[in-house]
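Please study the sequence and the model before reading each solution.

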Amino acid sequence: MIVLSKEKLPIQKEQDVILFRNRIKEVATKIGMSLVNQTKLMTAASELVRNMLRYGGGGITHIEVVSRNSIPGVRLSFIDQGPGIADISLAMKDGYSTGKSLGLGLPGAKRLVNEFDIKSEPGKGTTITIIRWKNGL
Amino acid sequence: MDRIPILKMGPFLLVTIQVDLYDRLALTLENDLINMVSKTEAKGVLIDISAVSIVDSFMGRILGNIASMSKIMDAATVVVGMQPAVAITLVELGLTLSGVHTALDVEQGMELLRTKIGQQDADEEGLYDSFI
């Protein structure tokens with residue numbers, strides 16, 4: 001996989017989320033991603049960035065344009081130094097939430113992207129990386 | 001603080017969301033709307049989301065909350081103008097928006113609200129008839 005461009009955006013407050021979403025849209029439009037795939041990517045990003053703010057106390061996001069076998073895609077990383085997730089497989093279950101949400105955030109985000117990777121260590125924080133390929137199903 | 005304007009149109013309240021919502025703004029809207037339903041004795045709420053590019057689980061929950069709160073206060077809620085890409089994404093996300101009435105655009109949404117009120121009036125008339 002080749003990284004074509006990379007930028008960092010810190011997320012500390014809710015208003016940062018709008019800026020972050022707009023930037024994803026710009027990047028996705030630039031590589032010619034369809035509107036449906038853009039919407040899926042942005043919705044997944046919205047879920048993950050909210051988790052980061054709510055449970056991780058904010059953090060850093062990376063927006064990258066990547067390419068594999070000449071197919072471009074957008075890779076997003078969400079890195080926080082929050083309390084981490086004790087049981088990842090439980091957190092990935094539909095309907096499970098420690099807050100008062102619907103519990104669709106993590107499993108829903110996973111369904112909306114092509115690749116989903118989560119690493120978490122209690123006490124150290126959580127890193128989630130997702131990829132949506134330009135025309136991936 | 002930012003606020004989404006709520007317009008009164010006869011017995012209905014009209015909300016057009018023209019900006020991307022962050023969570024606090026959505027919560028403020030939920031609050032304002034329910035207070036307005038009570039203050040104006042509105043019979044219906046129409047929410048136009050045609051300018052909204054994404055609806056995530058939080059926004060979906062807010063829409064559901066507005067619908068259930070209005071319902072207990074005797075007002076119907078119709079969400080209109082959802083973009084096709086948003087609908088596709090919502091279903092894949094696993095959100096069904098149960099309890100929320102939907103229509104394609106503002107015009108059809110208004111029609112739906114009018115029908116709902118009409119039905120109510122007819123029911124009430126029927127009730128009076130049975131008393132007589």
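**Exercise 1.** Is S70(A) buried or exposed?

*Solution.* This is a predicted model, in which local features need pLDDT of at least 70, side-chain atom pairs count only at pLDDT 80 or more, and totals for chains, interfaces and linings use all residues. Residues are numbered from 1 along each chain as its sequence is written, chains are lettered from A and ligands numbered from 1 in the order in which they are written, and side-chain values use heavy atoms, with hydrogens and water left out.

Step 1. Buried means under 20% relative accessible area, exposed over 50%, and partly exposed in between (1.4 Å probe, protein chains only).
Step 2. The relative accessible area of S70(A) is 69%, so S70(A) is exposed.
Step 3. S70(A) belongs to the loop between β2 (59-68) and β3 (71-80) of chain A. Helices (H or I, at least four residues) and strands (E, at least two) are DSSP runs, numbered from the N terminus.
Step 4. Although S70(A) is not glycine, its phi is positive, near 65 degrees.

**Exercise 2.** Determine where D74(B) lies and how accessible it is.

*Solution.* 
Step 1. In chain B, D74(B) sits in the loop between α2 (57-72) and β4 (76-80).
Step 2. Its relative accessibility is 38%, so D74(B) counts as partly exposed.
Step 3. The phi of D74(B), a residue other than glycine, has a positive value near 65 degrees.

**Exercise 3.** Summarise the fold of chain B.

*Solution.* 
Step 1. Chain B has four helices and five strands, in the sequence pattern β-β-α-β-α-β-α-β-α.
Step 2. Its radius of gyration is 15 Å, close to the 14 Å that the globule rule gives for 132 residues, so chain B is as compact as a globular protein of that length. The radius is taken over C-alpha atoms, and the rule is 2.2 Å times the number of residues to the power 0.38.
Step 3. Of the 132 residues of chain B, 47% count as buried.
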